[in-house]
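Dear colleague,

Please find below the structure that I am handing over to you, with its sequence. My findings follow it.

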Amino acid sequence: MDRVLLKNRAAIPFDDLPKISYQAMGDIAIGCLCAGLRPVALFGVPEERPAGAVRIIALFADDVKGTLAVTSVHAERGATVPSLTPSIPAFHLFERQLWEEFGIVPQDHPWLKPVRYPHDGHTPRRVEEGYRYFAMNGEESHEVAVGPVHAGVIEPGHFRFLCDGERVNHLEIQLGYQHRGAERLFRTGPLAMKSVLAESVSGDAAVAHATAYAGLVEALGNSAIPRRAAVIRAIGLELERAGIHLGDLSALCNDIGYLPGTQLFAVMRTDIINTSLALCGSRFGRGLIAPGGVMHDIDEKKKERIASTVRRVRDNAGLLAASVFDNQNVLARFEKTGTVDTATARAIGLVGPAGRASGLPCDIRLTHPTDAYSDHPLIKTVLQNGEGKAAISGDVYARAFVRHQEIQDSLRYITELLGRLDAVQDGIAAPVERPRAGMVAFSITEGWRGETLHAAVTGDQGETLRYYIKDASFHNWFGLALAVRENGVSDFPLCNKSFNLSYCGFDL
Amino acid sequence: MVFRLLKARWRHGSQAVPDPIAAQVDPMFRGFPDIAKEGTLSSETVALCPGAALSVNPVAIDLGKCHLCGACSRAANSPIRLSSRHHLGQTKRDALIVTAGTSFEQYHARAEKGRAEIRRLFGRSLRLRSVSAAGCSACEMELNATTNANFDMLRYGIDIVASPRHADAVIVTGPVSANMADALEDTWSATPSPKLLILMGACAISGGLFAASPALDRRFLSDHTPDIYIPGCPPHPLTVVNAILNYLGRGI
Amino acid sequence: MILTLFLIGIAILFIGSALQAALPRSVRIPLFTVAAIIGLLFTGFASVQALLNVPTAITFGCPFPLGSVTLELDPLSAFFALTISLGGIAGSLYGAGYLSGYPERSLRGHLFALALFLISMLLVVTVRAVLPFLFVWELMSLSSLVLVFFDRQREEVRDATVNYFIAMHVAFALILTGFLLLMTRSGSGDFASFAAAMQDPAFAETALLILFAGFAIKAGFIPFHSWLPKAHPAAPSHVSGLMSGVMIKTGIYGILRFTLIVGVPTTRLAVIVLMVAVVSAVVGVLYAIAQHDLKRLLAYSSIENIGIIGIGIGLSMIGMRIGNGPLILLGMTGALIHLINHSLFKGLLFYGAGALYRATHTRDIEKLGGLIGKMPATALLFIVGSVAIAGLPPLNGFISEFVLYLSMLYGAPLAAGGYGALVVLTAGALALTGILALYCFTKACGIVFLGSPRSDATDTARDPDRAMIAGMALLAVAAVAIGLYPAPLFSVAASVAALYPFPGDAAAQAAPVVTTLGSVSRALLFFVLFFAFLYYIRHRLLAKSGGIATAATWGCGYRHGTARMQYTGSSYASPLMALAGQLLGLSVHREAPQGLFPARTAFHSHPHDLVDSYLIAPGAKFIRYLFSLFRWVQSGDMAQYILYGILFLAAALVWIMGGTA
């Protein structure tokens with residue numbers, strides 16, 4: 001058997017993972033692609049015996065059947081293996097990470113460069129060292145280099161544009177400045193006490209990462225959470241989604257100078273996150289989720305507060321969005337800017353709202369639902385723009401419009417979930433078992449950025465041997481780099497905000 | 001279309017917080033820790049703290065390491081209660097340590113003002129340059145929020161600028177990864193004197209829950225003495241605004 | 001008396017240049033320079049006297065075929081003679097320094113040709129009859145040919161020289177034709193007699209058009225310009241400066257002289273002149289912006305400025321037809337002031353380009369950068385020239401364009417119907433030219449002097465020697481002086497303009513403008529002094545507080561910046577090229593990155609002169625084809641040539657015998 005099928009949030013014994021050859025891996029990968037499976041992750045787990053061995057785990061998602069296909073390959077540090085990237089471009093960055101972490105060289109990889117300059121990589125390098133940028137021939141073109149320290153209050157990263165005049169021919173993004181060694185910190189001490197660390201992986205997606213983390217711990221311990229806790233978790237996740245999307249629409253309006261949009265969306269965001277503050281004591285949903293359930297209940301007062309906020313914001317956001325998306329000046333800036341077409345998006349594995357805006361039907365809440373999303377499925381509306389077209393053109397407009405849709409959907413879903421609260425009175429937390437020994441587990445959540453994966457491998461005593469995090473940004477940064485081609489340099493901030501990617505979620 | 005926009009605007013009314021200095025936050029906010037005078041902390045409780053901020057003899061919380069997660073307050077027999085008082089800024093590192101029995105008023109009184117010349121120069125106009133030195137982006141978002149329509153610290157003459165050349169102060173978020181150490185140093189050198197150094201968030205002040213990670217390089221902070229410490233994870237925008245206003249002599 | 005001084009000056013020039021050929025190498029350049037400067041001081045002084053006093057004429061006999069030659073220094077001639085003298089002095093000084101950099105060359109012929117060049121130009125503007133004029137005109141062309149041919153080992157120079165040779169002789173042919181046509185009505189070769197042509201306006205128009213076409217080739221109006229962007233870069237810099245600054249003005253002299261003598265026969269002629277000038281100005285500067293070669297950029301800029309001078313002349317000619325005082329007086333005055341201004345700042349710019357070439361051995365601005373640190377004096381002088389050519393106060397370019405705008409401002413309300421609209425549109429065109437000139441020179445200065453070096457061409461760059469700097473500084477000082485104190489030059493130019501038929505009292509019309517200029521100059525002086533004062537205060541304040549700290553340019557905290565991370569000239573010009581690229585024959589070769597992980601991407605662009613590509617090159621190709629049809633005539637076969645001889649003798653025999661029969 002060359003692969004194992006799992007559900008989301010499932011754990012299986014590590015030794016049950018099939019061990020295939022690299023040749024077979026290539027064939028399986030292509031087979032999965034042809035069968036419509038989506039590449040999700042490719043990462044290495046260092047093994048004790050033999051010394052220097054690395055088990056590379058490959059994960060694919062079947063969005064139709066709702067399963068995950070997992071397989072693994074044996075490799076060694078420093079070995080050269082055939083690259084999967086030429087046939088599966090979505091694995092390009094994963095193979096670069098394997099090279100950086102374990103020295104496994106993917107032969108014929110078209111773009112082998114450092115990923116995040118980790119402190120414990122195979123060949124330690126100072127940041128920026130050894131990064132050979134793609135360059136343009138001809139002395140008349142120039143390069144625009146931005147970062148690491150950017151003009152706004154934003155995380156650091158380096159962008160290298162190849163321009164002739166105002167037109168961008170190519171963008172290359174080099175990250176790694178935010179590397180804090182987060183994955184390693186998950187391995188020190190009991191895994192169940194890492195909620196705050198999980199929330200800090202990418203602080204603007206605290207609930208998403210906390211949900212994935214908690215689900216992983218519960219899967220490893222084979223624990224279940226009360227249904228009420230599941231509902232409250234979903235409410236927290238959707239509040240985070242709505243709040244951030246409102247902030248993104250505000251930022252997009254700011255970049256085109258449409259100030260009514262900037263201020264009014266920002267104010268609505270404040271409304272939502274202050275509601276989050278009332279719910280759990282943090283505007284970012286920190287401290288809400290822990291393994292076993294949630295740490296704050298929703299009483300009648302909070303329920304009324306959340307319900308009225310959601311009602312108000314839903315109306316106001318709908319009204320404002322209708323006004324914004326009808327404005328010809330706004331559309332002139334948004335449409336046909338930063339386009340990623342469907343084929344490219346599928347090839348690079350774009351996820352989240354950016355992927356959906358490019359026409360890819362990827363949403364873990366629908367395809368691999370867990371907890372509240374499986375008990376009470378989320379129904380999405382597909383709003384149409386003024387021309388009666390669904391927004392899947394892959395440009396800034398589509399990514400903005402998808403956010404508008406998702407705000408409406410999330411707020412409606414929260415209202416539905418609040419209605420369910422009375423029916424689920426089984427408490428907000430259950431005791432969580434210790435992680436079982438020798439297991440591997442995968443926990444995927446649809447954060448507001450997209451597919452957020454936490455995976456772990458436990459050892460003989462149940463200790464964490466490997467903790468692996470894949471933020472949605474790991475796929476989507478490349479989408480941004482491709483989107484900016486052929487656009488003007490001055491449209492870059494607009495494209496950047498339309499993706500809104502995580503630097504620290506990428507750098508870990 | 002214009003009418004829709006006007007309607008949307010009308011519905012929002014005025015969103016500005018009228019007086020950020022006197023404003024209060026939602027009681028759920030996890031702020032200043034009140035530690036009962038006669039209280040003890042068990043070793044399990046101490047181990048709960050993600051930032052290793054708790055000490056036992058005497059019972060104390062180092063707000064420079066504290067992520068205000070509330071785990072210690074939820075432990076059994078815990079003497080710690082997190083109030084919703086949000087004026088947490090200080091000007092000395094050891095002033096951030098809250099021992100048992102310290103009242104909020106006593107704590108707040110420790111916060112000093114900047115020296116007279118600094119207050120004269122920056123009291124009515126202070127420009128901040130933000131450096132995210134491996135921050136998780138929560139502090140960055142709250143720093144951005146300080147200039148929005150709600151908190152609007154620009155009304156006090158405090159604003160965020162794009163270049164360190166235009167700045168009077170460098171505000172650092174994040175635990176300072178090794179990969180950002182050079183850039184932080186360069187930003188500081190590029191800022192003209194006189195300048196202030198402000199640390200925002202537990203990670204910036206002490207490394208927080210990342211303190212033990214070998215991926216950090218915090219030598220910059222041992223070479224330069226910060227002027228303002230703003231604890232929290234992330235600090236509420238009102239905490240940020242009030243810490244700065246206090247330093248400039250304009251707070252409560 | 002005045003003319004005696006003038007002739008003495010010419011004689012000193014001639015003798016000095018003849019003498020240097022006989023003397024040893026080390027003395028040649030200094031001797032020539034001293035002789036040139038003294039000689040030109042004499043001619044310059046004489047010109048100034050002629051402008052202030054009564055004009056004088058002198059006639060003397062000359063061997064066949066010239067007969068008796070009359071030289072006259074009326075205000076128009078004196079104005080041009082003054083321009084030539086000033087330009088020549090700076091050029092000689094600069095040239096002394098520039099040529100010292102060629103120790104291996106003998107320079108005898110070059111210096112002699114240089115003297116002949118200056119002398120012939122001085123004579124062109126003072127002779128008054130067809131034969132002498134054509135003689136010195138041809139002398140000017142031939143001597144400048146020798147000068148251009150200096151770097152003859154380069155193919156570019158050889159091609160440019162041939163091109164220039166042909167263009168100058170096409171011009172000669174047109175001028176000769178024009179003269180012959182005019183002589184049919186006047187009956188003599190004396191210029192003064194050409195006024196007779198006005199009896200038949202249609203005929204006069206045709207003759208003048210042909211004549212002006214010839215002068216337009218020399219001046220560099222579009223579409224007669226294609227020799228200019230080839231010859232000026234190919235020539236050594238002191239020659240480029242003289243050609244651009246002084247020689248092309250002789251074309252303008254021709255147009256002005258014959259407008260004065262014959263008059264403006266039809267309004268159509270005036271409008272044609274104006275249109276050609278407007279096109280030259282706008283298209284010239286657009287081409288300039290597209291160039292990477294600094295001297296080619298300056299050459300196109302000269303075309304632009306000739307266009308501006310032409311705009312003044314065209315407006316003046318229209319004014320003469322419709323009796324519009326301001327247009328006549330101020331248009332002509334503005335053109336004349338711009339003429340002398342241009343010779344000053346264009347000379348300065350070419351000399352600066354020469355200093356850059358000497359220091360870096362390249363004219364390609366995309367290889368330069370950061371030179372303000374290594375060549376501060378050159379940078380300062382070049383920037384002064386750029387500010388001047390962009391027409392910014394407080395320098396001289398502002399003054400001449402200001403006068404032109406005044407002519408349009410005062411003239412438009414008095415012009416009826418279509419002419420009023422034409423004047424207003426011309427004002428728009430002039431404004432467009434002005435802003436494009438600013439765009440062009442911010443590109444040139446920014447890319448060459450600011451930023452960091454784009455190649456290793458700048459590694460050993462340093463300021464040139466004192467003579468070169470002195471030549472440039474002289475021009476810069478003159479530019480500043482005219483900018484701050486323009487009234488004397490205006491009065492002089494106005495007195496020249498007053499030679500033209502003017503309704504009413506020219507002096508009365510000019511007086512208020514003199515007052516305005518006086519106020520302008522006081523304002524500019526105040527402006528300059530005020531900022532100098534502020535700078536001084538700042539200096540004192542900073543000295544008190546400990547000065548300015550300097551640190552590396554803020555680069556976002558990135559420590560591996562490269563020279564690629566700055567604008568290139570092409571990128572700077574690109575937004576405009578996107579609009580005007582078609583018009584400029586810009587060929588762009590772009591290889592966009594293909595696929596997710598591209599292997600290669602490239603961008604190259606090259607501007608082509610459309611007149612060259614679509615008119616000249618096909619024309620030349622056609623002529624070559626035509627002549628190739630007759631190649632069989634020169635087969636190289638001796639027997640065939642003998643046959644030609646026999647056929648000719650036979651035909652001659654038949655003709656003679658038929659004639660006697």
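**Cysteines**

The sulfur of B:Cys72 lies 6.2 Å from the closest cysteine sulfur, that of B:Cys66, which is too far for a bond. B:Cys72 counts as buried, at 12% relative accessibility; buried here means under 20% relative accessible area, exposed over 50% and partly exposed in between (1.4 Å probe, protein chains only).

This is a predicted model, in which local features need pLDDT of at least 70 and side-chain atom pairs count only at pLDDT 80 or more, while totals for chains, interfaces and linings use all residues. Residues are numbered from 1 along each chain as its sequence is written, chains are lettered from A and ligands numbered from 1 in the order in which they are written, and side-chain values use heavy atoms, with hydrogens and water left out.

In chain A, the sulfur of A:Cys163 is 13 Å from the closest cysteine sulfur, in A:Cys495, and that is again too far for a bond. A:Cys163 is buried, its relative accessible area being 0%.

**Interface of chain C and chain A**

Chain C gives 35 residues to the contact and chain A gives 41 residues, where contact means heavy atoms within 4.5 Å. Between them the two chains bury about 3100 Å², with 55% of it on carbon and sulfur atoms; buried area is the accessible area (1.4 Å probe) that two parts lose on being put together, summed over both. Of the area that chain C buries against chain A, C:Arg564, C:Leu596 and C:Phe597 supply 25%, more than any other three residues.

Three salt bridges are counted between chain C and chain A (a side-chain nitrogen of Lys or Arg within 4 Å of a carboxyl oxygen of Asp or Glu). C:Arg590 forms a salt bridge with A:Glu486, and their closest N and O atoms are 2.6 Å apart. On the side of chain C that touches chain A, the elements that give two or more residues are helix 20 (569-580) and strand 4 (602-607) of chain C. Helices (H or I, at least four residues) and strands (E, at least two) are DSSP runs, numbered from the N terminus.

**A residue in chain A**

A:Thr464 belongs to strand 16 (residues 464-470) of chain A. A:Thr464 is buried, with a relative accessible area of 10%. Apart from neighbours within four places in sequence, A:Thr464 is in contact with A:Phe186, A:Arg187, A:Leu191, A:Ala456 and A:Val457.

Yours sincerely

Note on methods:
Disulfide = S-S within 2.5 Å.
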